[in-house]
Amino acid sequence: MNTYKLPVTRIHLMAALGSLLLLFASSCKTVKEYQKNKLNDAEMNLSSRKIEKTEQNFQSYREGASGANGGKTGGGCGCN
Amino acid sequence: MKKLFLSVIFMYLGILASFSQSSPKSDSAYKSRKLTFEEANLVSSYYRQDGNNAATTGGTGSEKLTDFSNTIDVKFSLYDRHFRKHSLTGEIGIDHYTSASSDKIDPSTLSSASHADTRIYPSVGWTMENTDKGTTIGGGISFSNEFDYKSFGANLSFSKKTNNRNGEFSAKIQAYLDKVSLIYPIELRTNTGGGRGDDGNDYGSSNRNSYSAALAWSQIINDKFQVLLEAEAIYQKGYLGLPFHRVYFTDNTVHVENLPSTRMKIPLGIRANYFIGDKLILRSWYRNYHDDWGINSNTAQLETVWKITPFVSVTPFYRFYQQSGADYFAPYRVHTGPDEFYTSNYDLSKFTSHFYGAGFRIAPPQGVFNIQHLNSLELRYGHYQRTTGLNSDIISLNLKFR
């Protein structure tokens with residue numbers, strides 16, 4: 001029996017991310033400074049942790065993909 | 001290695017000593033126009049890996065490698081007469097690695113110069129934040145040096161918050177201008193270059209330049225949930241292979257890895273953090289990646305921060321990664337003469353990887369071990385498994401001083 005695989009293209013992905021953004025945007029409510037107690041927790045930071053720096057380095061050498069994680073995208077080698 | 005270890009210990013002690021006298025408490029309403037220390041971070045990591053597909057020996061042989069890495073960053077700030085906040089950061093990193101496969105560049109030597117190396121990478125950065133307008137601009141430069149590789153980097157950034165301070169747009173451009181020493185495998189060296197003379201100093205070199213532009217949007221959804229979307233374009237040009245990577249063809253002839261001189265990478269990422277109740281935080285990250293060498297990949301990471309007390313937390317994490325192979329990859333003795341580009345570097349092969357482990361963080365109000373300025377201590381361990389057989393472990397320590 002033939003199985004049909006849905007091709008996941010970049011356009012599909014962009015559309016999915018765009019829809020997600022719209023969904024988020026529509027459910028947003030304004031949060032005042034005094035209500036940001038939890039958002040200001042150090043663990044809620046929207047970036048990778050400092051302690052992940054070496055992990056990200058070795059992953060960028062051992063894997064073909066890199067970027068979109070706030071880190072550097074070139075420079076240095078360490079590529080043995 | 002012993003010297004490096006001692007210098008790291010002295011750097012730690014130096015930072016501790018510099019905070020041994022407490023400074024007067026600053027009034028939060030008063031914006032000091034003097035340069036004020038904000039924080040310093042010491043991050044030390046030990047990494048080890050093993051596998052059996054080293055690129056130096058054509059996709060076969062030991063991938064055993066250890067890396068001891070240390071970085072120290074310091075941040076200062078001051079307000080100018082327009083009450084704009086200037087932040088200055090300085091960082092220096094030192095890595096020392098040993099690599100079994102690098103020793104095979106010239107296997108006739110029992111222990112060649114390439115079996116171990118030290119990389120030093122300083123950087124400085126500056127940002128200026130206008131809190132009234134919600135804008136921040138910044139820039140930085142960096143340098144990295146190791147035996148066969150040098151890199152100069154520069155970056156510029158801009159960000160703007162929305163009027164209600166719940167959303168932020170940011171843009172960043174980066175450039176790295178690198179130089180690769182052309183150290184070929186011993187049997188492929190010629191008298192005219194690309195090899196090592198008796199004095200060991202006559203390597204040729206090639207350039208490798210990387211340029212990237214990143215756009216990001218972060219948005220607060222509610223008082224417990226925030227997301228970040230990031231899109232990046234990275235363009236590389238120059239010598240993108242490594243001269244000591246061997247490739248064995250079907251006829252058993254040996255060649256140096258040959259890859260295209262340009263590469264375009266497009267990663268798209270989304271990060272979402274959610275605070276559940278009072279004790280749990282879910283940190284998630286997903287990235288889709290595509291490049292013109294034929295690699296498509298997906299990365300998903302989930303961390304759960306469990307706050308045992310307000311000052312102690314444990315963070316188990318799991319990261320899944322999957323990639324298709326580059327068009328130019330083939331294993332040992334599979335490439336043939338007509339191939340224009342070829343590599344047997346398994347980092348560019350098709351595989352899936354799993355990375356999991358846990359972190360532990362303490363940040364007591366009186367300071368860690370009652371050392372007032374030692375704000376937090378974090379320890380993290382991770383184990384990495386790749387379907388090609390490569391395994392690695394990493395343990396990291398972060399000490400934050402304030």
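Colleague: How many residues does the contact take from chain A, and how many from chain B?
Modeller: This is a predicted model, and in it residues count as being in contact if their C-beta atoms, placed from the backbone, lie within 7 Å. By that cut-off the contact takes 41 residues from chain A and 76 residues from chain B.

Colleague: Which element gives the most to the side of chain A that touches chain B?
Modeller: Two elements of chain A give two or more residues to that side, namely helix H1 (10-26) and helix H2 (53-62). The one that gives the most, with six residues, is H2(A).

Colleague: How do the residues of the side of chain A that touches chain B divide into nonpolar, polar and charged?
Modeller: The side in question is the one to which H1 and H2 of chain A each give two or more residues. Its residues divide into 16 nonpolar, 14 polar and 11 charged.

Colleague: What do the buried residues of H2(A) pack against?
Modeller: A residue is buried if 20 or more other C-beta atoms lie within 10 Å of its own, and eight of the 10 residues of H2(A) are buried. Among them are A:Phe58, A:Gln59 and A:Arg62. In chain B, these buried residues pack against strand E1 (36-50), strand E2 (65-79), E17 and E18.

Colleague: Which residue takes a positive phi in the hairpin of E17(B) and E18(B)?
Modeller: E17(B) and E18(B) run antiparallel and are joined by 11 bridges, with B:Leu397 in E18(B) as the bridge partner of B:Leu379. Four residues lie between the strands of this hairpin, and the one with a positive phi, near 105°, is B:Gly389.

Note on methods: Residues are numbered from 1 along each chain as its sequence is written. Chains are lettered from A and ligands numbered from 1 in the order in which they are written. This is a predicted model: local features need pLDDT of at least 70, side-chain atom pairs count only at pLDDT 80 or more; totals for chains, interfaces and linings use all residues. Two residues are in contact if their C-beta atoms, placed from the backbone, lie within 7 Å. Ala, Val, Leu, Ile, Met, Phe, Trp, Tyr, Cys and Pro count as nonpolar, Asp, Glu, Lys and Arg as charged, and the others, Gly among them, as polar. Two strands pair if DSSP finds at least two bridges between them. A residue is buried if 20 or more other C-beta atoms lie within 10 Å of its own, exposed if 12 or fewer, and partly exposed in between; C-beta atoms are placed from the backbone.
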